[in-house]
Number of protein chains: 2
Amino acid sequence: MTHGVPVLRIDLGSDRPAYEQIVGGLRALLVAGEFASGDRLPPVRQLAIDLGVHHNTVAESYRVLEQEGWLDLSRGRGAIVRRRPERKASPAAKQEFSRRLEELAAKAIADGLPRASVAEQLKALAGRLTET
Amino acid sequence: MTHGVPVLRIDLGSDRPAYEQIVGGLRALLVAGEFASGDRLPPVRQLAIDLGVHHNTVAESYRVLEQEGWLDLSRGRGAIVRRRPERKASPAAKQEFSRRLEELAAKAIADGLPRASVAEQLKALAGRLTET
DNA sequence: TCATAATGTATAGTGTCTATGTACAATAGA
DNA sequence: TCTATTGTACATAGACACTATACATTATGA
């Protein structure tokens, strides 16, 4: 009955689909190395309760991550984190990232964040990515 | 009959809604100061043809930008860029940006972009935002 | 072993969103 | 005024997001 700290939080009021927020949040944790290979993610029903959504919504998210190679899913056993082979970036992926990044920053500035503040966050993340 | 360079390009194959890509792309241009107050955006039908979508789809995008204060819309006259009062960033906006940024970077890395490359792009954008 | 709980999966239903087709209304320009 | 230009309104089709419910598989422990 481990009901420790929820792995994740989402914004139900957001116009962004819940399953997408879940995928994005978990992927970020996975990329950050927060889970070791063999670790088990919470059961869909448990995470669903924590987040306030239906368990099928969590299941859908898990399936996306399985598709991406992050998870092994099976009934009865759960969602197990997998060692995932590095993949080679497509040129499209790089361009997509570039575009989305620009749009995201523009949105933040449009929302009133000072450019300096946005730049600061960008540099901070860049630093976190290159350290070690 | 000015049919100069298209203002914008979108990816019709993307799972991202076309109108959202249009909004995001135009907003980025607006934030970058590519349009002066009083400039006219292309008529919905013209841009629709350039992008390969229905004119109502472009119209929906224009309406979003009008809602955000970027445009003045009216029949017969077109979509005119407006001077837009700066707004004060809500705490939620800052947190939202932070979260989205992390997820975006994680997605890029998951797609195979080297962390160094992602960091590079982040720093490059930060530089562009702070110059001048 | 066997019953039961735990866990992911399948399917159907409902409401919303996205994009389009078509017709309409307001403005500009000759 | 007449016509072209431009944004708008509304209906429709299809896809999508989320939920309810039942099912299949695996683990657990008596």
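Predicted model: local features only at pLDDT ≥ 70, side-chain atom pairs only at ≥ 80, totals over all residues.

Entry 1. I looked up which residues surround DNA strand C and found 25 of them. The closest are Val44(A) and Arg45(A) from one chain, with Ala18(B), His54(B) and Asn56(B) from the other. I then sorted the residues of this surface by class, which gave eight nonpolar, 10 polar and seven charged. For the elements, I listed those that each supply at least two residues: in chain A they are α2 (44–51), α3 (55–67), β2 (71–74) and β3 (78–81), and in chain B they are α1 (18–31) and α3 (55–67).

Entry 2. Which parts of DNA strand C lie within 4 Å of the protein? I found that 61% of these atoms belong to sugar or phosphate, and the rest to bases. I recorded one example of each kind of partner atom. At a phosphate oxygen, a polar backbone atom of Val44(A) is 2.6 Å away. At a sugar or linking oxygen, I found a polar side-chain atom of Arg75(B) at 2.6 Å. At a base oxygen, a polar side-chain atom of His55(B) lies 3.5 Å away.

Entry 3. I repeated the search for DNA strand D, which has 24 residues around it. Those that come nearest are His54(A), Asn56(A), Val44(B), Arg45(B) and Asn56(B). By class I counted eight nonpolar, 10 polar and six charged residues on this surface.

Entry 4. I noted a phosphate oxygen of DNA strand D at 3.2 Å from a side-chain N or O atom of Arg40(B). For the bases, a polar side-chain atom of Asn56(B) lies 2.6 Å from a base nitrogen, and a side-chain N or O atom of Arg75(B) is 2.7 Å from a base nitrogen. The elements giving two or more residues to this surface are α1 (18–31) and α3 of chain A, with α2 (44–51), α3, β2 (71–74) and β3 (78–81) of chain B.

**Entry 5. Domains of chain A.** I found chain A divided into domain 1 (18–81) and domain 2 (91–130). Their centres, taken over C-alpha atoms, are separated by 26 Å.

**Entry 6. Aromatic rings.** How many aromatic pairs does the whole structure hold? My search over all chains returned zero. I did find Arg84(A) over the face of Trp70(A), at 4.2 Å from the ring centre. In chain B, Arg84(B) lies over the face of Trp70(B), at 4.2 Å from the ring centre.

Notes. Residues numbered from 1 in each chain as written. Chains lettered and ligands numbered in written order. Heavy atoms only, no water. Near = heavy atom within 4 Å. Polar contact = N/O pair within 3.5 Å; in protein donor to acceptor, adjacent residues only side chain to side chain. Helix = DSSP H or I, 4+ residues; strand = E, 2+ residues; numbered from the N terminus. Nonpolar A, V, L, I, M, F, W, Y, C, P; charged D, E, K, R; others polar. Domains from an automatic or database assignment. Phe/Tyr/Trp six-rings, centres within 6.5 Å; stacked < 30°, edge-to-face > 60°. Lys NZ or Arg CZ within 6 Å of the ring centre and 35° of its normal.
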